[in-house]
Amino acid sequence: MEYVTLTFNPIQVISGQQMNLTCETSYCVPPANITWFKSSINFPFSSSTYHKSGDLVRTISSVIITVDKGDNGKLVYCIARNLDRKSVRSSTDALNVMCKYRQQR
C-alpha cells in the first residue's frame, strides 16, 4: 500500500450538521483495514467497500459524523493497515465548524 487519501464533504459545515468523510487506499494485497481518528481518539465508521483490479484491492471507508462547535479545529485522519507492521496514515485535516448566527431582538 502506497498511500491513503482523506476527503471531506462539505469542507466547512455548520454546527449540528452532518459531514461525510472518506478514506481511500491505493491498490494493495491484502485489503487494508481502516481506522478513523478525531483528535487522536478512535471512532467507529459506517462502511467499507472493496474494489478489485486483478489481484489488488482498493479499500474505501466512509463515515458520516454530526459535528458541533466543540469539534472546530479538531484533527481528523485515518490509518490503513494491511500487514502486521505496515500502516499508512492519511493527511491530517482540521474540522472547520461554523456556528449559526442568531440575531438578538
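**Entry 1: strands 1 and 3**

I looked up Thr5 and found that its bridge partner in strand 3 is Glu24. Phe8 stands opposite Leu21, also in strand 3. Strand 1 and strand 3 (residues 18–25) pair in the antiparallel sense, over six bridges. I note the criterion: two strands pair if DSSP finds at least two bridges between them. Strands here are DSSP runs of E with at least two residues, helices are runs of H or I with at least four, and both are numbered from the N terminus.

The model is predicted: local features need pLDDT of at least 70 and side-chain atom pairs count only at pLDDT 80 or more, while totals for chains, interfaces and linings use all residues. Residues are numbered from 1 along each chain as its sequence is written, and side-chain values use heavy atoms, with hydrogens and water left out.

**Entry 2: the sheet**

I then followed strand 3 to strand 7; seven bridges join them and they run antiparallel. On this side Cys23 stands opposite Ser61 in strand 7. The open sheet has four strands in the order 1-3-7-6, with antiparallel pairing. Strand 1 (4–9) and strand 6 (47–53) stand at the edges with a single partner strand each, so one side of each is left without a neighbour in the sheet. On average, neighbouring strands of this sheet are turned by 20° against each other, direction ignored. For such angles, axes are lines fitted to C-alpha atoms (for helices over the stretch in contact), and angles run from 0 to 180 degrees between N-to-C directions.

**Entry 3: Thr59**

Is Thr59 buried or exposed? Thr59 counts as buried because its relative accessibility is 0%. The scale is: buried under 20% relative accessible area, exposed over 50%, partly exposed in between (1.4 Å probe, protein chains only). Thr59 lies in strand 7 (residues 56–66).

Which backbone nitrogen does the side chain of Thr59 reach? It is that of Ala32, at 3.3 Å. A polar contact is a pair of N or O atoms within 3.5 Å; within protein, one must be able to donate a hydrogen and the other to accept it, and residues adjacent in sequence count only if both atoms are side-chain atoms.

I also listed what Thr59 touches, not counting residues up to four places away in sequence; among them are Cys23, Glu24, Pro31, Ile34 and Tyr50. Contact means heavy atoms within 4.5 Å.

**Entry 4: aromatic pairs**

I searched for aromatic pairs and the structure holds two. Trp36 and Phe43 form a tilted pair, 6.1 Å centre to centre with 40° between the planes. Trp36 and Phe43 are both buried. Phe37 and Tyr77 form a stacked pair, 5.0 Å centre to centre with 15° between the planes. This pair links distant parts of the chain: Phe37 is in strand 4 (residues 33–38) and Tyr77 in strand 8 (residues 75–81), 40 residues apart. The rings of Phe, Tyr and Trp (its six-membered ring) pair if their centres lie within 6.5 Å; planes under 30 degrees apart count as stacked, over 60 as edge-to-face and the rest as tilted.

Phe37 and Tyr77 are buried. The charged end of Arg89 sits over the ring of Tyr77, 3.7 Å from its centre. That call requires NZ of Lys or CZ of Arg within 6 Å of the ring centre and within 35 degrees of the ring normal.

**Entry 5: whole chain**

I counted zero helices and eleven strands in the protein chain. Of its 105 residues, 36% count as buried.
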